[in-house]
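Biologist: I have a structure on screen and want to learn how to read it. Where do we start?

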Amino acid sequence: MRNHLGTYECKLCLTLHTNEANYLSHTQGKKHQAGLARRAAMEAKLARQKGETDVMMPLKSALQSTRSATKVKIGRPGYEVSKSRDPQSNERCLTFELHYPELDDPKSRQPRHRFMSAYEQRVETPPDRNYQYLLVACDPYETVAFKIPNEPINRGEGKFVTNWDTTGKVFTLTLHYLEGQSASQEQ
């Protein structure tokens with residue numbers, strides 16, 4: 001299976017291959033065939049424990065349940081990012097404004113956010129420890145990630161603010177970075 005880096009990856013054997021020919025020869029090789037046999041034996045053992053006659057039955061039911069559970073993604077939400085400085089403390093400030101116009105019921109569904117380290121993500125290799133990622137998710141929209149500096153964030157009152165406007169369907173997140181002495185005290 002081709003991965004996001006353009007190389008071919010065998011998820012059964014956890015091997016990477018530079019081109020398709022190398023991958024295809026791997027699938028005919030001893031290591032891959034042994035892995036297939038091991039997986040078939042494990043599935044047969046699980047089927048016997050559950051009392052099922054068809055070995056592929058759990059696989060079929062799992063596929064059917066995932067198909068019915070998957071929802072169609074609308075696409076990416078519109079967003080605006082603005083940089084500024086706090087007039088009192090001179091702290092750097094980032095404001096993220098995401099628009100979700102096609103959301104069905106904004107009162108019951110609210111966007112969620114989380115921070116992800118550079119080492120958790122799998123898009124950029126090698127990971128750059130100078131950055132972190134801010135992820136914002138709201139079904140049925142795609143999750144959006146913003147690459148921001150990996151510096152201490154001021155979580156004091158009024159310095160880290162999220163707001164969900166249910167009428168305008170706009171999610172706003174504002175964060176301030178600690179500056180100078182307060183940043184060195186945090187670390």
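Modeller: With the aromatic rings. This is a predicted model, and it holds six aromatic pairs.

Biologist: How is a pair of rings described?

Modeller: By the distance of the centres and the angle of the planes. Take tyrosine 8 and tyrosine 23. Their ring centres are 6.1 Å apart and their planes meet at 25°, so the pair is stacked; planes under 30 degrees apart count that way. Tyrosine 8 belongs to strand E1 and tyrosine 23 to helix H1, so the pair ties together parts that are 15 residues apart in sequence. Both tyrosine 8 and tyrosine 23 are buried.

Biologist: What angle do the planes of phenylalanine 96 and phenylalanine 146 make?

Modeller: Their planes stand at 45°, with the centres 4.8 Å apart, and the pair is tilted. Phenylalanine 96 is in strand E4 and phenylalanine 146 in strand E7, so this pair links parts that are 50 residues apart in sequence. Phenylalanine 96 has 2% relative accessibility and counts as buried. Phenylalanine 146, at 8%, is buried as well. Together with Tyr79, Phe96 and Phe146 form one aromatic cluster.

Biologist: And how do I read a core?

Modeller: In soluble globular proteins, nonpolar side chains tend to be buried together. Here the largest nonpolar core has 20 residues. Phe96, Leu98, Tyr100, Leu134, Ile148 and Leu175 have the most contacts inside it. Strands E4, E6, E7, E9 and E10 each give two or more residues to this core. E10 gives the most, with four residues. Beyond its neighbours within four places in sequence, phenylalanine 96 has contacts that include Leu134, Ile148 and Leu175.

Biologist: Now a helix. What should I look for?

Modeller: An α-helix has 3.6 residues a turn, so residues three or four places apart point the same way. At 1.5 Å a residue, its 21 residues, 30–50, should span 30 Å; the end C-alpha atoms are 30 Å apart, which agrees.

Biologist: Which residues of H2 are buried?

Modeller: His32, Gly35 and Ala47 are. They cover an arc of only 110° around the axis, which puts them on the same side of H2. Strand E1 and helix H1 are among the elements that cover them. On the other side of H2, Lys30, Lys31, Arg38, Arg48 and Gln49 are exposed.

Biologist: Where does a charge sit over a ring?

Modeller: The charged end of arginine 92 is over the ring of tyrosine 177, 4.9 Å from its centre. Lysine 147 lies over the face of tyrosine 131, at 4.7 Å from the ring centre.

Definitions and conventions. Residues are numbered from 1 along each chain as its sequence is written. This is a predicted model: local features need pLDDT of at least 70, side-chain atom pairs count only at pLDDT 80 or more; totals for chains, interfaces and linings use all residues. Side-chain values use heavy atoms; hydrogens and water are left out. The expected span of a helix is 1.5 Å times one less than its number of residues. Buried means under 20% relative accessible area, exposed over 50%, partly exposed in between (1.4 Å probe, protein chains only). The arc is that of the directions from the helix axis to the C-beta atoms. Contact means heavy atoms within 4.5 Å. A nonpolar core is a set of buried Ala, Val, Leu, Ile, Met, Phe, Trp, Tyr and Cys residues joined through side-chain atoms within 4.5 Å. Rings of Phe, Tyr and Trp (its six-membered ring) pair if their centres lie within 6.5 Å; planes under 30 degrees apart count as stacked, over 60 as edge-to-face and the rest as tilted. A charge sits over a ring if NZ of Lys or CZ of Arg is within 6 Å of the ring centre and within 35 degrees of the ring normal.
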